[in-house]
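Below is a set of questions and answers on one protein model. Each answer ends on the value or name asked for.

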Amino acid sequence: MAVTESAVAPVGGEPEGARTGHDDERAPARGECEGARSAQEGILRRQAARESAARTYARALPIVPVRARGLTIEGADGRRYLDCLSGAGTLALGHNHPVVLEAIRKVLDSGAPLHVLDLATPVKDAFTTELFRTLPPGLADRARVQFCGPAGTDAVEAAFKLVRAATGRTGMLAFTGAYHGMTAGALEASGGAGDVRVARLPYPQDYRCPFGVGGAQGAELAARWTESVLDDAKSGVPSPAGMILEPVQGEGGVIPAPDGWLRRMRAITAARSIPLIADEVQTGVGRTGRFWAVEHSGVVPDVMVLSKAIGGSLPLAVVVYRDDLDVWQPGAHAGTFRGNQLAMAAGTATLAYVRENGLAERAATLGARMIAHLRRLTGQFACVGDVRGRGLMIGIEMVNPEADLPAGATGPYPPAPSIATAVQRECLRRGLIVELGGRHAGVVRLLPPLTLTDEQAAAVLDRLTDAIASVAAATARGPGAVRHEAAVNPGRAPGG
Ligand SMILES: Cc1ncc(COP(=O)(O)O)c(C=O)c1O
């Protein structure tokens, strides 16, 4: 049975066939439902027994996807869900978009080799042409691309290696709350390693401003701190090889960098000949309302790290940089799997579709509407501390309104990961898949496909609001109820 994406998938608590909206689909018999459910439970049981304790999403989302189309995922038990996790922000066009499937089929049917190391192929040539077409002017004209091992984290490593080779320096500047991946260098820059060559600088944010002021003043103080660390001979931070930043921190809790601050970072690094690396692994390909998130500020970075959506749902990662940084020796960043032809074809189709159909603009308008709608919840539910985002990268920070604040403080309340986990679970019960993130996994995140329709957006907001209302009611009944749920379904470490 094919998944035809009805405008809105039925609530996840109901088996498919109960409310599909397709008259030709027969409702499954009771025995069939039970069989499907027990097959799903068996798969989940075997996964828990055989896979690593480091597994992440699988813990909070006990579903077994077997079919998917657009926003909709169908589980082995026949239940359907609206997927606002989208492969951790990978699926710009949702699941199995026709243009992506067609591009993949075309390569498969052509007899072209699927494994080519880093040899030139027509498929790669077309991908590079389409990618360069989208790059910010100023970088596009002088860009070089290095195809990396197929994960964002490998492209981050490549970027570090590149700027170290180009500058002869070793240290890196990175920001509080950053997430750049799980390999050694990327983990250092993310604050997850002990022995580091990274100096950490404050990333501006309004809700939990490290300087206690927020807004333009908080961003200005953050910029000044950066400047003084670089110019103070006794700051303890030697002249670095590069600065890496996310234009919107994703895993860090959906925190958009103010445009003015980003321009300051560009000016500060340019004045000191420090290459600026924009990590657009999660923010790229229209997600934030511009094709690349740096375009909001007009900043042209020296290096861009790209992955997730550029492979059109298949693994692909590249680093793009200005030609004068291209000081690498042959083989300086090698790897067996750097020529994924299917991913390049799917990626070309995705980049072109987003560009031709104005999906970045669509993300900007629809995202702004959804954020405005969700902001109303902060007045309605005390556990909704903050709503923020850019385009279709949206975060709702859950807080504990019962916590004692320091004398004289009016907020913000401490993050409430157990409430966020409960909201995620209540969303799942209502047929909505959401992501958790943020420093304390207290932020409920929405990363829907850019193809989201108005009707689907309304359904997402309805289910999310309903889930929050039910958790808020449980919280009002006593923290024990929420704590119990969290113990049953613990949160996950950040990761893509
Ligand atoms: C901004 C950013 N950089 C890098 C990465 C790492 O990418 P990957 O998980 O493909 O290694 C992620 C993953 O979520 C990310 O969000």
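Q: Which helix lies across E13 and E14, and at about what angle does that helix run to E13?
A: This is a predicted model, in which local features need pLDDT of at least 70 and side-chain atom pairs count only at pLDDT 80 or more, while totals for chains, interfaces and linings use all residues. Residues are numbered from 1 along each chain as its sequence is written. Helices (H or I, at least four residues) and strands (E, at least two) are DSSP runs numbered from the N terminus, contact requires C-beta atoms, placed from the backbone, within 7 Å, and angles run from 0 to 180 degrees between N-to-C directions of axes, which are lines fitted to C-alpha atoms, for helices over the stretch in contact. The helix across E13 and E14 is H11 (residues 359-380), and its angle to E13 is about 170°.

Q: In what order do the strands of the open sheet with antiparallel pairing stand, and why is one side of E13 and of E16 left without a neighbour?
A: Two strands pair if DSSP finds at least two bridges between them. E13 (384-390) and E16 (435-437) are at the edges and have a single partner strand each, so one side of each lacks a neighbour in the sheet. From one strand to the next, the twist averages 25°. The order of the four strands is E13-E14-E17-E16.

Q: Which residue of E17 stands opposite isoleucine 394?
A: Strand E14 (residues 393-398) runs antiparallel to strand E17 (residues 443-446), and four bridges join them. Within E17, the residue opposite isoleucine 394 is leucine 446.

Q: Which peptide bond is cis, and in which loop is proline 412 found?
A: The bond from glycine 411 to proline 412 is cis, with omega near -5°. Proline 412 sits in the loop between E14 and helix H12 (417-429).

Q: What is the order of the open sheet with mixed pairing, and which are its edge strands?
A: Four strands make up this sheet, in the order E1-E2-E3-E15. Strand E3 (residues 80-83) pairs with E15 in the parallel sense over two bridges, and leucine 82 has leucine 432 in E15 as its bridge partner. The edge strands, each pairing on one side only, are E1 and E15 (432-433).

Q: Which glycine takes a positive phi in the hairpin of E1 and E2?
A: E1 (residues 65-69) and E2 (residues 72-75) run antiparallel and are joined by four bridges. Arginine 69 has threonine 72 of E2 as its bridge partner. Two residues lie between the strands of the hairpin, and the positive phi, near 60°, belongs to glycine 70.

Q: Where is lysine 308 found?
A: Lysine 308 is not a glycine, yet has a positive phi of about 45°. Its place is the loop between strand E11 (303-306) and strand E12 (318-322).

Q: At about what angle do H4 and H10 pack, and how far apart are their axes?
A: Among the residues making the contact are Val100, Ala103 and Val107 of H4 and Leu342, Ala345 and Tyr353 of H10. Helix H4 (residues 98-110) and helix H10 (residues 341-356) pack at about 145°, with an axis separation of 8 Å.

Q: How far apart are the centres of domain 1 and domain 2?
A: The bounds, from an automatic or database domain assignment, are 1-83 for domain 1 and 99-356 for domain 2. Taken over C-alpha atoms, their centres are separated by 35 Å.

Q: What is the radius of gyration of the protein?
A: The protein has 14 helices and 17 strands, and its C-alpha trace spans about 70 × 70 × 45 Å along the principal axes. The radius is taken over C-alpha atoms, and the globule rule is 2.2 Å times the number of residues to the power 0.38. For 496 residues a compact globule would be near 23 Å, and the value for the protein agrees, at 23 Å.

Terms used. Contact = placed C-beta atoms within 7 Å.
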